[in-house]
Amino acid sequence: MKILSLLLLWFWSSITLAAPALWSATKAGQQLWLFGSIHLADKRLTSLPAPLLHSLQQSEQLFLEVDPDALSPATLAPFITMSPGDSWHARLGTPLADELEQAINDTALSPLTSLPPWFAALQLTQARAQKLGFTSEQGVDMQIMRLARQRQLPIRGLEAPDLVFSMLASLPERQLEADFVHHTLNELNDLQPHLEKLLDTWQSGDEQALLSLLRNEQSPPLNRFIEQDLLLSRNRLWLEHLKSQTPQKALLVVGALHLYGEHGLLRLLEQDGYTLNKMTE
């Protein structure tokens, strides 16, 4: 599928959590559990899967992609500030800039017009999600984080809070910003059928089908950026972070697309000598 499908796999939740599975990774007395998350959900997601809750009870630490307490407007401001004299028209060209501006105005988000186009497109996606009743408060990450805090369990981030923002802020210099905005807007126009396909794929638990959502109908340069920078480089960074932290019993909750494929976390852990097992009810 296209850009929006990737974003929805990162930011969205299905009605149930039939997939992906919880995985166990063990090595030399160390026990890790890995769960593929989606970050937004609606009120229908009232509870988390029993195996996930059981792994939290056994864990000594919870690892999320980012420590939410480390996020702040000041941290992100350098990446979402446009320089004086810069404009959407200069960065995107007039037709695409006008299309993005119209979509922003239709959603009553006019303050976004002073921010970088890639960020405005992401915020537009988030606004559409909220209009459909999907929020981060109901998502897997926030739910599991609240439970961890109730248990006074340490919560760690696997990466710096500004890492993804710095990567996305590099889209203009990579000459990919217009491509990113174009695909995002196209997907927003057909949200319902794409969402239905995404939910079907998610609930089927088909790992190869999930991976195929990355590769269909995107430009090769944008595909390379998504796969090499947003996925592979961060997976490797997370593995190195885990090695430096050496947690004995820890639960990792990360976006589902980070688990699977040739360069997914599961394969990287296996190559590093971990024994992997899929956990079931």
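A residue counts as buried when its relative accessible area is under 20%, and as exposed when that area is over 50%. The structure described here is a predicted model.

**Single residues**

I80 has a relative accessibility of 18% and therefore counts as buried. I80 sits in the loop between helix 3 (73-76) and helix 4 (88-92). Beyond the neighbours within four places in sequence, the contacts of I80 are L115, P116, W118, F119 and F165. For one of these, W118, the separation from I80 is 38 residues in sequence and 9.1 Å in space, C-alpha to C-alpha. W118 also takes part in the contact that helix 6 makes with helix 9.

T275 belongs to strand 6 (residues 275-279). With a relative accessible area of 45%, T275 is partly exposed. Its contacts, neighbours within four places in sequence left aside, are S24, A25 and T26. T275 and S24 are 251 residues apart along the sequence, while their C-alpha atoms are 7.9 Å apart in space.

Most residues other than glycine have a negative phi. A28 is not a glycine, yet its phi is positive, at about 50 degrees. Q175, likewise a residue other than glycine, has a positive phi near 60 degrees. A28 lies in the loop between strand 1 and strand 2, and Q175 in the loop between helix 8 (163-168) and helix 9. A28 is exposed, with a relative accessible area of 83%; Q175, at 73% relative accessibility, also counts as exposed.

**Helix 2**

In helix 2 (residues 50-58), the buried residues are P51, L52, S55 and L56. These residues lie on the same side of helix 2, because the arc they cover around the axis is only 140 degrees. An α-helix has 3.6 residues a turn, so residues three or four places apart point the same way. The cover over the buried residues of helix 2 includes strand 1 (22-27), strand 2 (30-37), helix 7 (140-150) and strand 5 (249-255).

**Packing against helix 9**

Helix 9 (residues 177-189) is in contact with helix 6 (residues 117-131) and with helix 5 (residues 94-106). The axis values for the two pairs are listed below.

| Pair | Axes come within | Crossing angle |
|---|---|---|
| Helix 6 and helix 9 | 9 Å | roughly 20 degrees |
| Helix 5 and helix 9 | 11 Å | roughly 45 degrees |

Angles under 35 degrees count as roughly parallel, and helix 6 and helix 9 are therefore roughly parallel to each other. The crossing of helix 6 with helix 9 is left-handed. On the helix 6 side the contact is made by P117, W118, A121, L122, L124, T125 and R128, and on the helix 9 side by E177, F180, V181, T184, L185 and L188. Of the residues in this contact, 9 are nonpolar, 2 polar and 2 charged.

The angle between helix 5 and helix 9 is roughly 45 degrees, which makes helix 5 oblique to helix 9. This crossing, too, is left-handed. Helix 5 contributes L96, E99, L100 and A103, which meet A178, V181, H182, L185 and N189 of helix 9. The residues of this contact comprise 6 nonpolar, 2 polar and 1 charged.

Conventions:
Residues numbered from 1 in each chain as written. Predicted model: local features only at pLDDT ≥ 70, side-chain atom pairs only at ≥ 80, totals over all residues. Heavy atoms only, no water. Buried < 20%, exposed > 50% of the residue type's maximum accessible area, 1.4 Å probe, protein only. Helix = DSSP H or I, 4+ residues; strand = E, 2+ residues; numbered from the N terminus. Arc of directions from axis to C-beta. Contact = heavy atoms within 4.5 Å. Axes fitted to C-alpha atoms, helices over the stretch in contact; angles between N-to-C directions. Parallel < 35°, antiparallel > 145°, perpendicular 65-115°, else oblique. Left-handed = near helix turned anticlockwise from the far one by under 90°. Nonpolar A, V, L, I, M, F, W, Y, C, P; charged D, E, K, R; others polar.
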